[in-house]
Amino acid sequence: MPLERLQKVLAASGVASRRASEVLIANGRVTVDGKPARLGMQVDPEKAIVAVDGRVIGAPSAPEYLLLHKPAGVTSTVRDRHASKTVLDMIPTALLPEGGRLYPVGRLDQDSEGLLVLTNDGAWADRVLHPRHGIEREYAIGLRASLTGEQVAAVQAGIPLDEGLATLTGLRPTTEIETRRLAALIAPPPGELVWYRAILAQGWKRQLRRMFGAVGAPIERLVRVRIGPVRLDDLPSGRARRLRAPEVRGLGAGAGTSRAGARAGTGTGTKLGTKPGARAGSSSGSPENGR
């Protein structure tokens with residue numbers, strides 16, 4: 001069998017994505033035929049004995065693609081000796097692939113919640129994460145008070161961070177129906193918060209929290225509700241499901257740009273800073289927008 005790069009073999013076996021596998025190799029956690037692996041080496045996947053942390057990896061598992069509604073307080077890593085619970089602890093045994101190898105595609109901060117995709121398909125994960133696709137992430141943001149016009153203008157203009165200028169693709173108040181639906185899914189209940197929807201194409205660490213904190217509007221609850229074409233919909237906190245075939249294809253192809261989000265980013269629709277986002281518990285018979 002032709003030789004393959006070690007990180008590709010690790011990814012195909014469901015250990016981690018190719019990039020994460022490179023980190024494992026660099027940290028000395030991978031061996032080939034009992035000897036420490038090195039970056040860039042090639043192996044015969046049918047003959048080489050490859051181990052991670054002393055555990056020999058088997059043949060590639062069938063690809064699995066899952067969606068988890070991650071609760072706050074759960075770490076996005078699959079192994080953390082300091083965490084009481086990781087995302088793998090949330091996945092039902094019936095959904096785990098052979099060998100139980102899954103890893104998250106991207107991350108959610110421990111104190112953030114919502115949609116998290118997990119897979120054992122390293123090549124697919126790399127396509128989803130590649131910056132050239134600019135796959136959008138949409139978030140529900142719970143604040144203690146409505147944004148002022150000045151705060152809205154500052155966030156929409158972009159916030160300078162260490163990585164560069166942090167920008168949003170879209171920002172709008174939530175509708176009351178959206179807020180009620182979200183409040184029914186997340187745990188614990190959100191209480192009296194003002195909710196907005198923000199769309200990101202960038203993916204910097206704690207980006208939204210840093211942006212809103214910079215304008216004096218600290219985020220109380222942060223819920224990811226969409227990645228590309230995949231939506232949280234009615235999945236309750238702590239529950240998981242398999243991705244549907246069109247969702248797998250769409251994410252892998254970089255699909256899911258929201259025209260509604262692009263309009264919000266250019267100032268059309270509800271004018272921000274003059275009408276507050278809907279509070280949890282409010283009632284209205286108005287139709288839900290942008291869904």
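Predicted model: local features only at pLDDT ≥ 70, side-chain atom pairs only at ≥ 80, totals over all residues.
Residues are numbered from 1 along each chain as its sequence is written, and side-chain values use heavy atoms, with hydrogens and water left out.

Okay, helix 2, residues 18–26. Helices (H or I, at least four residues) and strands (E, at least two) are DSSP runs, numbered from the N terminus. Which residues of helix 2 are buried? They're Ser21, Leu24 and Ile25, where buried means under 20% relative accessible area with a 1.4 Å probe, protein chains only. Looking down the axis of helix 2, those buried residues fall within an arc of 100 degrees, so they line one face. That arc is taken from the directions from the helix axis to the C-beta atoms. The cover over them includes helix 1 (6–12), strand 2 (30–32) and strand 5 (50–52), going by contact, meaning heavy atoms within 4.5 Å. After helix 2 comes Gly28, with a positive phi near 75 degrees.

Now strand 14, residues 194–200: 7 of its 7 residues are buried. In a regular strand, side chains alternate between the two faces of the sheet. Here, Val194, Tyr196, Ala198 and Leu200 are buried on one side, and Trp195, Arg197 and Ile199 on the other.

And its neighbours? Strands pair if DSSP finds at least two bridges between them. Strand 10 (137–143) pairs antiparallel with strand 14 over 7 bridges, with Leu143 partnering Val194. Strand 13 (170–173) also runs antiparallel to strand 14, joined by 4 bridges, and Gly170 sits opposite Ile199.

Technical notes: Buried < 20%, exposed > 50% of the residue type's maximum accessible area, 1.4 Å probe, protein only.
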